[in-house]
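Keep the structure in view as you read.

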Amino acid sequence: MKTPRLTLRLPIAAEPGSAPDQVLKTAEAAEAAGFDAVSISDHVVMGAHADLYPWGDFPFPPEAPWNEPLTILTAVAARTTTLGLTTGILIVPLRPAALLAKQVATIDAISGGRLELGVGTGWQKEEFDALGYDHADRGQLLTDAMGACRQLWTGERASFDSKTVSFTDIWCDPTPAQERLPVLFSGTLNERNLRRIVDLGDGWIPIMTERRDGIAAGVEELRRRFDAAGRDPAELRIRSTARVGKGDDGRTDLAATLERSRDLVAVGVTELDIPLTAYDQSTFFDTASAAIGQADWSDR
């Protein structure tokens, strides 16, 4: 069993610690504690119909503030030196493909190759309406935008033609510092998402309600598809929310969380996303470094 990457999920919306200055301090503390990366979620605007959220009760009121994730990650890059920077997830269909390619490449260049993207389609119709995109086209918009970004990130003269994004003979510089900037696609593994991951991506972020058996089946299918496409299945990345555990005192505890998440790693999860707001933030970093260093990822 391989040691997973550990990503700390930064507070969002109205959660405690979500103010920009606090988020930056948290990122610095995460780097010092030994986390591999931080992640941050995305909404550009919010509408009134949070009751249409597909995965249960939406946890925030529509008026809650949301930090723009690429902006926050740029600031985190300036305050840290080794910490990975990732979105979880970025609603790509809300952003013009060429502008997104430029922003992402610039952040990766600034950070020395520390950026990766977790991407998805989004769910909220009002958000698409406000930005002038068709909610019904969000799947196609995601596929086309990421295909366009891959072309623009080469640094060479680029042309691209799809249903929603087209351009001819253009250049986009700077290019990412990484030879291949990692992209992980979220969502259910329907046929279209499987093709996205294999053709354009580097991994999968299962939906929040996905169970262990579903993740295991998805990993097996993706490895098979990678192999059939001539890609190394060992390079497949799977990022899943960690299973929050409690210590002997009944309080949420990082060491217990890592132990409880072993079964996810055993079925192929390569990185665990730790939701900071599940813990007492005033004491979390007091023991985080020890918990990370003492975690046992050996086969038992």
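Start with strand β3, which is joined to strand β5 (residues 115–120) by 2 bridges, the two running parallel. Helices (H or I, at least four residues) and strands (E, at least two) are DSSP runs, numbered from the N terminus. Two strands pair if DSSP finds at least two bridges between them.

This is a predicted model: local features need pLDDT of at least 70, side-chain atom pairs count only at pLDDT 80 or more, and totals for chains, interfaces and linings use all residues. Residues are numbered from 1 along each chain as its sequence is written, and side-chain values use heavy atoms, leaving out hydrogens and water.

Strand β2 (residues 37–40) also pairs with β3, in the parallel sense, over 4 bridges. The chain goes from β2 through helix α2 (residues 69–79) to β3. This β-α-β crossover is right-handed: with the strands pointing away from the viewer, the path from the first strand over the helix to the second runs clockwise.

| Residue in β3 | Residue opposite |
|---|---|
| Gly-84 | Ala-37 in β2 |

Is β3 (residues 84–87) covered on one face or both? Both: Gly-84 and Thr-86 on one side are buried, and so are Leu-85 and Thr-87 on the other. Buried means under 20% relative accessible area (1.4 Å probe, protein chains only).

Now the helices. Residues of helix α3, including Ala-97 and Leu-100, meet residues of α5, including Ala-145 and Leu-152. Contact means heavy atoms within 4.5 Å.

How values were computed:
Buried < 20%, exposed > 50% of the residue type's maximum accessible area, 1.4 Å probe, protein only.
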